[in-house]
Each structure stands twice: as C-alpha cells, then as structure tokens.
Amino acid sequence: MMRPGVKQYVVTRPLYSEESFAQEHEKVYRHRKTTLDHIKCDAKRAKNAALSLFPVIGWMKMYRLKEWLLSDIVSGVSTGLVAVLQGMAYCLLASLPPWYGLFSAFFPVISYFFLGTSRHISVGPFPVLCLMIGSVVTRLVPDEGPVANITGFEGLSKDEQRVLVASSVSFLAGIMQLAMGVLQVGFIVMYLSDTLVSGFTTAAAIHILVSQLKFVLGLEVRGISGPLSIIYTLEIIFSKITSTNVCDVVISLVIMVVVFIVKELNDRFRSKLPVPIPIEVIMTVIACGVSYAFDFKTRYGIEVVGYIPKGYEAPMAPNLQIFQETAVEAFPMAIVGFAVAFSVAKVYSVKHDYTIDGNQELIAFGVSNIFGASFKSFAASTALSRSAVQESTGGKTQIAGLLSAIIVMIVTLAVGFLLEPLPKSVLGAVVIVNLKGMLMQFSEIPYLWRRDRPDCVVWLGTCIASILLGLDLGLAAGLGVELICVVLRVQFPRCSLLANIKGTDIYKDQKDYMDIYEPEGVKIFRIPSPIFFANIEFFRTKLVEAVGFNPLRVLRKRNKAVRMIRKLLKKGRLQWTSNGFLNTSCGPIHESEDESNMEELDQPTDFKDFPVQIDWNGELPANIIVPRVEIHSLILDFAAVSFLDISALKGLKTLLKELIRVDVEVYIVACDSYILEKLHDCCFFDDEVQPSMFYLTLHDAMLNILEKHPEPMQKKSDYEKILLLYPQDSGPQTKF
C-alpha cells in the first residue's frame with residue numbers, strides 16, 4: 001500500500017528475454033565509419049581543420065573591439081610586469097642566467113597566441129617545469145667537476161653550455177608534445193589524476209623551496225640532481241649555515257612578509273579592487289632602487305642579477321647528442337607542462353563558457369616550445385598566479401597575452417639594465433612566497449584519508465617519491481602507484497548478493513535491507529566492474545562463495561558416483577527397484593578410487609544405460625556422498641560490467657558450463673548490447689551455453705524463474721507480490 005501523496009507508476013508489458021525483445025523490436029542499422037571514411041577530405045572538412053589548427057581565426061572574428069580591448073590592454077600590462085619578474089625568478093630554478101627567463105616569457109606566448117584554444121592562461125615559465133629542467137642542466141653541466149662528454153660543448157662557457165642543454169631538452173619536449181597532438185592522444189593527460197598532480201606539485205614546491213634557500217641565505221651551494229638530491233642539498237646548506245649573509249636574509253624576510261600580506265589583502269578584497277596590487281613588481285622596483293643607492297653588491301657582498309644584455313640572441317639548433325642524453329627526462333616534462341596548463345585552462349573555460357581542445361593544446365605547446373627553444377628559451381607551461389592575474393584583471397582573449405609579451409620585449413630591448421642591481425635574494429623570496437598555494441595542498445591529506453584512502457595513498461606515494469627520488473622518477477612512481485590502485489579496485493570489486501525489495505521490481509544488497517524477499521533456491525550475484533584476465537579468478541571465487549558450492553567439484557563427485565554405481569550394478573552388488581537402489585552386498589560399499597579418465601569427470605553427467613536419472617539431493621546408495629546443490633537458479637547481474645576480454649570470455653564460459661552441468665539454470669541480465677555482440681562474434685554460444693539465458697532486466701529473469709519453480713504455499717503471498725498478473729492473451733506480464 002503506497003502512502004497518500006507518494007508518486008508511483010504502473011507499467012504493463014510482456015516478460016522479455018534478450019532474444020524475445022530483439023524479435024519484437026527492430027534495431028536501427030548504423031553505418032560504422034571505416035578508415036577510408038576518416039581520411040576522406042572535402043571543402044568543409046578542410047575549413048574545419050584550418051579553424052581547428054588556428055583557433056585565433058575563430059575568436060578574432062567574434063572579437064568585441066569596444067568592449068574587450070581596454071580590458072585586454074589593462075590585463076596585458078599587468079600580466080607583462082608579473083611575467084618579467086617571474087621569468088627572471090623562475091630562471092634561477094633552471095640554473096640559468098636570469099635574463100633567459102625573459103626569452104621564455106616572450107617567444108612561447110607568440111606561438112600560443114595563434115595556436116592555443118584557451119583565452120585566459122598566461123603562457124611562460126612554470127616553477128615545477130623549471131626545476132625539472134634545472135635537474136637536467138646540473139646533471140650534464142654540474143657546478144663542480146667535469147661536464148658531460150657532449151660534442152657541441154667545445155668552446156662554450158659554462159652558462160652557454162647550460163643554455164644549450166636547457167634549450168635542447170625543451171626542444172625535445174616540444175617535439176613530443178607536437179607528436180602527441182598530431183596523433184590525437186591528448187587523453188593521456190587523464191592518467192594524471194587531480195590527486196597525483198596535487199601530490200606531485202606539493203613535492204615540487206618542497207624542491208623549489210630548498211633550491212631557493214641558497215639565494216635567501218646568500219650561500220654558495222652547488223646544484224645537485226638525482227635521487228636524494230634534496231637531502232644532500234640540505235646537508236650542504238646546514239654545513240654552511242654559519243656563513244649566511246645577514247643582509248640577504250633581512251631583505252628576503254621583508255620581501256616575503258610584505259608580499260604575503262598584500263597578496264592576502266588582494267584575495268580578501270578581490271571584488272572591491274579593480275586591479276590586484278602588483279606587489280611583487282612594486283617591491284622589486286624598491287629593492288632595485290635601494291640596492292643601487294646603497295651599493296649592496298660591494299658593501300654587503302650580496303649577489304645581484306648583474307649584466308643583462310640588450311636584445312635577443314641568434315637562433316640556435318638543438319644538440320642531437322643532448323637529445324639522446326635527456327630523452328627520459330624530456331617525456332615527463334612534456335606531460336607535466338601540458339597537464340598543468342590544460343588543468344588551468346579547463347577551469348577558466350568552464351568559468352567563461354567556451355571549449356578547449358586537448359589535442360590542439362598539445363600542438364600549441366609543442367610548437368611554442370620548439371619555437372622558443374630555437375631562440376634559447378626553455379620549456380613553457382603556465383604559472384597559476386600569473387594566469388590568475390591575467391584573468392582577474394579583465395583579460396578576455398589572448399590579446400592580453402600578446403600585450404604581456406610586448407611588455408617583456410620592451411624590458412628585454414630597452415630597460416633591462418634597470419634590473420641589474422636587483423639582489424637574487426629578492427627573486428628567491430618572490431619564488432618562495434608564490435609557493436603558498438602548492439604548499440597548502442598538504443591540508444588535503446586528512447580529507448583524502450577520511451573520504452578515499454586509495455587516493456590518499458596515491459597522494460602520499462607520489463609526494464614522497466618525488467621528494468626523495470626527484471621529480472622525473474617521482475612522477476613515474478606516482479603513476480605506478482595510481483595504476484596499481486586502479487587495478488586493485490577493478491581486480492577486487494565489492495561483489496554482492498541481491499534480494500528483492502518486497503512489492504517492487506527493485507533489487508538491493510541483501511545485507512543492507514530488512515524488508516526483502518529471497519525466493520528459495522535462487523541466488524542473484526552482482527559484480528560491479530569489468531571482467532578481464534586479472535579478475536576472472538576473483539569473480540569465480542566470489543561466485544563460489546556466494547552459491548555455497550564449487551560446481552566443478554560437485555560435477556566431479558557426481559561423475560565419480562555415477563561411475564561407481566554403474567560398476568556396482570554391473571557386478572550385481574547393487575539393484576534398482578521401484579523403491580530405489582537396493583544394496584545386495586553384505587559388506588560396506590566404498591567409494592571407488594579409480595582416477596582413470598579424469599577428463600571425463602569434467603564432462604556432463606552421462607546417464608546412458610542407467611535405469612533412472614538420479615536425484616542428487618535425495619538419498620544415495622550407502623557410502624556414496626555427493627555435495628548437495630541447494631539452488632536451482634542463478635542470476636548474474638551484468639549491469640555494471642562494461643567489457644569482457646578474451647580471457648574473461650573463456651573463463652566465464654567454462655564457469656557457466658560447470659553450473660549448467662550440475663543442473664543450475666543460469667540467467668545473465670542487463671548485459672550491454674556491445675558485450676552481447678562480442679559474445680556472438682567470439683562464438684561464445686553452443687549447445688549448453690545459449691543466448692536464451694540472457695534477459696533484459698533482473699525482474700524479467702526473476703519472474704521467469706518463479707513461473708518455472710513456484711514457491712511453496714507458505715511463501716505464496718510474497719510470490720504474488722512479485723508476479724502480479726498474467727493476462728491470457730499476452731502471456732506472462734509484469735506490473736510494478
């Protein structure tokens with residue numbers, strides 16, 4: 001009885017198996033495209049391809065000059081000032097002279113303007129990527145000791161050698177990104193979950209913090225790369241802590257405190273401020289003026305940026321030998337650079353209601369890195385803080401990015417000399433302050449532990465591995481942990497036995513509800529995952545536990561019993577009467593130990609030349625014991641099974657045959673139509689395993705079972721709640 005006012009529905013329809021449904025409802029034929037269809041080209045496809053390759057054409061046609069231009073100009077100038085400072089600051093992470101950061105804030109932006117699909121990200125140096133480049137640079141061109149045996153190093157200074165390494169590995173990363181974009185494998189970034197990226201960037205923040213301590217403390221610390229490099233770097237810093245330059249420490253602390261406070265105010269009063277206060281730029285200008293006025297370099301021994309050459313340097317070809325030396329490191333750089341930029345771009349695209357194309361983003365960043373590396377810049381992505389400035393100051397399109405590149409160009413060509421007295425400790429302090437967002441990700445650990453422990457394991461595993469092993473190996477280790485967690489979740493799913501909720505067509509886990517109905521002799525088993533080579537044995541084990549018997553063991557016992565009874569009948573020690581088997585032997589009958597023809601024990605029970613078919617749940621001749629099978633029907637709920645591989649098909653067919661051979665009727669329900677097609681294509685069906693066992697819904701299968709095996713009178717009321725009516729003209733129908 002439904003409560004008054006509660007919504008309900010009534011449906012009357014025939015009982016459907018998959019076969020009967022297919023006979024009654026004709027499917028629409030859908031032509032599947034061939035490879036030739038995909039490569040055919042016409043004018044429309046050529047136009048779409050051009051628009052896809054150059055997204056600038058699309059958004060420039062809809063550009064609102066009067067409404068957007070002023071906003072883009074304000075955003076471009078603000079972002080350009082930040083890009084100048086961050087380019088020089090992040091360049092220190094790459095172990096390169098600071099002015100090369102200006103190149104990285106200019107050249108990639110130009111390419112991305114034409115090829116990128118995001119309108120709001122600010123392309124340029126990204127601290128994590130810079131640190132990964134720095135580890136490669138210090139490995140091949142260490143601060144102390146001999147450099148790597150690279151042919152192109154002859155006649156170059158140490159800085160020039162490092163620039164060659166950085167630009168070559170950036171060029172290679174760009175080639176990898178471009179290749180992935182052309183091959184349409186932008187989906188690869190989906191393997192980097194938010195949890196993994198969070199753990200990885202947190203570890204990178206720790207590395208960046210440690211790498212900047214030498215500038216903040218004014219110490220000379222050689223660059224170290226490889227596993228445990230962070231430990232060795234800290235060891236050197238603490239061993240030299242007594243040589244700290246107090247002036248550097250004071251400057252850094254003042255910069256960090258002021259910048260931190262103003263950034264917090266910017267966040268708090270974001271809605272009231274027309275433009276965020278560019279505090280990093282302001283403090284940099286003040287620090288430059290004070291350093292120049294009081295001659296910090298001479299009087300206090302502070303290390304400053306120093307000479308900044310005007311203009312751009314001639315393009316340079318990458319070194320192929322460096323390609324061979326850095327291929328392993330270049331791939332994670334390509335993935336990380338794209339993943340971070342794509343994640344930020346996706347956030348802004350949702351916020352401003354436009355679409356971005358992952359494959360086109362790969363092409364855009366690939367071309368940007370190739371183009372930039374040719375002019376001695378290093379791999380570019382996007383810095384979160386810089387993109388936030390471009391978006392929050394009103395940027396509407398990549399025209400703001402282009403204007404920011406023009407600001408960087410003006411500094412490079414004309415006013416770069418004004419930054420020469422800037423202390424490197426100021427740049428280090430700016431880098432450290434901008435790590436706040438990444439370091440705050442530690443707060444995710446308690447939440448992940450409470451909500452999803454496998455995700456917490458991925459976060460911790462990635463973070464710890466990246467801290468101890470380095471960012472490249474740490475990312476690989478994190479991916480390994482993530483894939484193991486995914487495999488374990490799929491390999492060991494939470495299987496369950498279902499039962500009917502009385503008076504409905506709804507079936508739920510029998511452990512979760514009290515008002516349930518379980519027909520006698522029926523089991524409903526659900527596996528909520530794909531079935532494939534890694535979990536087919538787990539599926540079998542769980543199913544055996546659920547039904548309470550091993551069908552193969554029961555089948556072998558039955559065949560042994562039939563073999564033994566046949567021998568006893570032949571010897572006259574056993575006779576068949578109208579009352580059943582009669583033992584004519586005086587001595588006890590022992591079970592035969594004859595193990596010959598073992599493969600016959602796995603075949604269907606053969607009652608040929610037998611006087612009667614044996615009731616295996618009845619009383620058997622003396623000393624013959626066969627495990628009882630308490631169920632007559634088994635329903636397998638495949639609603640959550642998304643695919644089956646060949647190994648699973650073989651294992652499933654074997655299991656179904658074993659169940660059928662011990663007189664258990666098997667029904668498979670809610671199976672995906674594509675899986676059914678695959679079963680037919682793979683010749684899954686035969687005389688024993690037939691398509692008729694597949695039913696459209698679980699309720700259809702249950703009604704069919706209840707018709708074939710009516711419940712005893714004491715359970716008839718429950719039975720009638722499930723099987724409600726049978727019109728004479730249309731056969732069994734359901735009403736629920």
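## Terms and model

Helices are DSSP runs of H or I with at least four residues, numbered from the N terminus. The structure described here is a predicted model.

## The second largest pocket

Among the helices, α8 gives the most to the lining of the second largest pocket, namely seven residues. Helix α8 covers residues 127-140. At least two lining residues each are also supplied by α5, α9 (158-182), α10, α11 (229-239), α19 (424-433) and α23 (471-491). The volume of this second largest pocket is about 1200 Å³. Its lining counts 50 residues, and Ser95, Asp143, Lys214, Val221 and Gly223 are the closest to the centre. By class, the lining of the second largest pocket comprises 19 nonpolar, 16 polar and 15 charged residues.

Two of the helices that line the second largest pocket, α11 and α19, can be examined through one residue each. Ser229 belongs to helix α11. Ser229 is buried because its relative accessibility is 9%, which falls under the 20% cut-off. Apart from neighbours within four places in sequence, Ser229 has contacts with His207 and Ile224.

Lys424 is located in helix α19. With a relative accessible area of 14%, Lys424 is likewise classed as buried. Once neighbours within four places in sequence are set aside, the contacts of Lys424 are Leu92, Pro98, Phe215, Glu303, Val304 and Val305.

## The largest pocket

The largest pocket holds about 1600 Å³ of space. It is lined by 50 residues, and those nearest its centre are Tyr348, Leu384, Ser385, Ala388 and Gly437. Two or more lining residues come from each of α5 (65-93), α10 (194-217), α12 (246-268), α13 (279-294), α15 (320-352), α17 (384-392) and α20 (436-439). Helix α15 provides the largest share of this lining, with nine residues. The lining of the largest pocket divides into 26 nonpolar, 13 polar and 11 charged residues.

Helix α18 runs over residues 399-415. Its 17 residues, at 1.5 Å a residue, should span 24 Å, and the end C-alpha atoms lie 23 Å apart, which agrees with that expectation.

The buried residues of α18 are Ile399, Ala400, Gly401, Ser404, Ala405, Ile407, Val408, Val411 and Thr412. The elements that cover these buried residues include α4 (55-61), α5, α6 (100-104), α7 (107-115) and α17.

## Aromatic pairs

A pair of aromatic rings is described by the distance of the centres and the angle of the planes. The structure contains 26 aromatic pairs. One of them joins Phe103 and Phe107, with 6.5 Å from centre to centre and 75 degrees between the planes, an edge-to-face arrangement. Phe103 is buried at a relative accessible area of 3%, and Phe107 is buried at 7%. Phe103 and Phe107 both belong to one aromatic cluster, together with Trp99, Tyr100, Phe106, Tyr312, Phe371 and Phe375.

The rings of Phe171 and Phe323 have centres 6.1 Å apart and planes at 25 degrees, so this pair is stacked. The pair links distant parts of the chain, since Phe171 lies in helix α9 and Phe323 in helix α15, 152 residues apart. Phe171 counts as buried at 15% relative accessibility, as does Phe323 at 14%.

Methods:
Residues are numbered from 1 along each chain as its sequence is written. This is a predicted model: local features need pLDDT of at least 70, side-chain atom pairs count only at pLDDT 80 or more; totals for chains, interfaces and linings use all residues. Side-chain values use heavy atoms; hydrogens and water are left out. On a 1 Å grid over the protein atoms alone, a cavity is a set of points where a 1.4 Å probe fits but cannot get out, and a pocket is an open set with protein on both sides within 12 Å along at least five of seven lines; lining residues have an atom within 4 Å of a point. Grid points are joined across faces, edges and corners, and a volume is the space filled by probe spheres set on the points. Ala, Val, Leu, Ile, Met, Phe, Trp, Tyr, Cys and Pro count as nonpolar, Asp, Glu, Lys and Arg as charged, and the others, Gly among them, as polar. Buried means under 20% relative accessible area, exposed over 50%, partly exposed in between (1.4 Å probe, protein chains only). Contact means heavy atoms within 4.5 Å. The expected span of a helix is 1.5 Å times one less than its number of residues. Rings of Phe, Tyr and Trp (its six-membered ring) pair if their centres lie within 6.5 Å; planes under 30 degrees apart count as stacked, over 60 as edge-to-face and the rest as tilted.
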